[in-house]
There are 2 protein chains.
Amino acid sequence: MADSLSRVFSALADPTRRDIVARLAVADATVNELAAPYDVTVQAVSKHLKVLEDAGLVSRSREAQRRPVHLEAEVFDLMTKWIERYRRQAEERYRRLDDVLREMPDVAPPQEGTTS
Amino acid sequence: MADSLSRVFSALADPTRRDIVARLAVADATVNELAAPYDVTVQAVSKHLKVLEDAGLVSRSREAQRRPVHLEAEVFDLMTKWIERYRRQAEERYRRLDDVLREMPDVAPPQEGTTS
DNA sequence: CACCTCTTCAACCGAACGGTTGACAACCCG
DNA sequence: CGGGTTGTCAACCGTTCGGTTGAAGAGGTG
């Protein structure tokens, strides 16, 4: 799965990973701190963080033997832009529905004919 | 995977499904029309549509033996709200970084006992 | 140095995913 | 009616995913 948009959406498709993102939005944290609330192993959380990192959602620095995890918010824009684009397009189309219906030739004109 | 946010993100994690959404933003289409550009079987596209439908992203009506697929844009709000919430939170934190650094007493004095 | 903490790597397992083929239901049309 | 179109269901297959256990690297501290 090469493209970054797929990686970001896929990364956020998991509830645990979304929760990690939510907590990182408040403050940076280490792997152990992040793993504490969940009843899965630290290794599992480490894997989740790798997924988030590959998606560009988090970055890890080095601090002695600790690896503080930091949320990178820029990637969100990628998603937002994609979403907004098609939502706007769909809503636009919705808004013009009346006009389209009026112009449709194979439907009986609701009011006066206005045959083009 | 019960929650709807997971379903929506997961649905959009696939490039083919995102492309389907993009095309449905322009106009409704039938399964066969949607399947045409891809070199996968119609069944595979039908499965994709089921995923999109379960996520609430599309709806299908009945029209003789055809099943026109329609994009439902409202669900996008769910994602947008989630994303915006944490992006804003993260940016807020970023903006206050200077203050935080200024308030930090240089380096914490080496106290006994591991913190946490 | 030995030891302990934090983290990742490697191998494995069951479930889910994306795809296929084949069959079938539903609906039009000649 | 029979045949063609449209779409879904069912079973199967290889891969990926989220999880585990076990071992090991990296770095502090006695």
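Student: What percentage of the 116 residues of chain A count as buried?

Tutor: This is a predicted model, in which local features need pLDDT of at least 70 and side-chain atom pairs count only at pLDDT 80 or more, while totals for chains, interfaces and linings use all residues. Residues are numbered from 1 along each chain as its sequence is written, and chains are lettered from A and ligands numbered from 1 in the order in which they are written. A residue is buried if 20 or more other C-beta atoms lie within 10 Å of its own, exposed if 12 or fewer, and partly exposed in between, with C-beta atoms placed from the backbone. By this criterion, the buried share of the 116 residues of chain A is 25%.

Student: Among contacts in chain A between residues at least 6 apart in sequence, what percentage join residues at least 24 apart?

Tutor: Two residues are in contact if their C-beta atoms, placed from the backbone, lie within 7 Å. Among the chain A contacts that join residues at least 6 apart in sequence, those joining residues at least 24 apart make up 50%.

Student: Which element supplies the largest share of the side of chain B that touches chain A?

Tutor: In total, 23 residues of chain B are in contact with 23 residues of chain A. On the chain B side, α1 (4-12), α2 (15-26) and α5 (75-95) each supply at least two residues. The largest share, nine residues, comes from α5(B).

Student: How many nonpolar residues does the side of chain B that touches chain A have?

Tutor: Ala, Val, Leu, Ile, Met, Phe, Trp, Tyr, Cys and Pro count as nonpolar, Asp, Glu, Lys and Arg as charged, and the others, Gly among them, as polar. On the side of chain B that touches chain A, four residues are polar and four are charged, while the number of nonpolar residues is 15.

Student: Within what arc do the buried residues of α2(B) fall?

Tutor: The buried residues of α2(B) are R17(B), I20(B), V21(B) and L24(B). The arc is that of the directions from the helix axis to the C-beta atoms. Seen down the axis, these buried residues line one face of α2(B), because they fall within an arc of 100°.

Student: Which elements do the buried residues of α4(A) pack against?

Tutor: In α4(A), the buried residues are V45(A), H48(A), L49(A) and L52(A). They cover an arc of only 100° around the axis, which puts them on the same side of α4(A). In chain A, they pack against α1 (4-12), α2 (15-26), α3, β1 (58-60) and β2 (69-71).

Student: Which exposed residues does the face of α5(A) turned away from its buried side carry?

Tutor: The buried residues of α5(A) are V75(A), F76(A), M79(A), I83(A), Y86(A), R87(A) and A90(A). These fall within an arc of 130° seen down the axis, so they line one face of the helix. The face turned away from them carries the exposed residues D77(A), K81(A), E84(A), R85(A), E92(A) and R95(A).

Student: Which element gives the most to the surface near DNA strand C?

Tutor: A residue is near a strand or molecule if its C-beta atom, placed from the backbone, lies within 6 Å of it. Of the 23 residues around DNA strand C, T30(A), N32(A), S46(A), T41(B) and A44(B) come nearest. With five residues, the element that gives the most to this surface is α4(B).

Student: Which element gives the most to the surface near DNA strand D?

Tutor: DNA strand D is surrounded by 22 residues, the closest being A44(A), A64(A), T30(B), N32(B) and S46(B). Two or more residues each come from α4 of chain A and from α3 and α4 of chain B. The element that gives the most, with five residues, is α4(A).

Methods: Helices (H or I, at least four residues) and strands (E, at least two) are DSSP runs, numbered from the N terminus.
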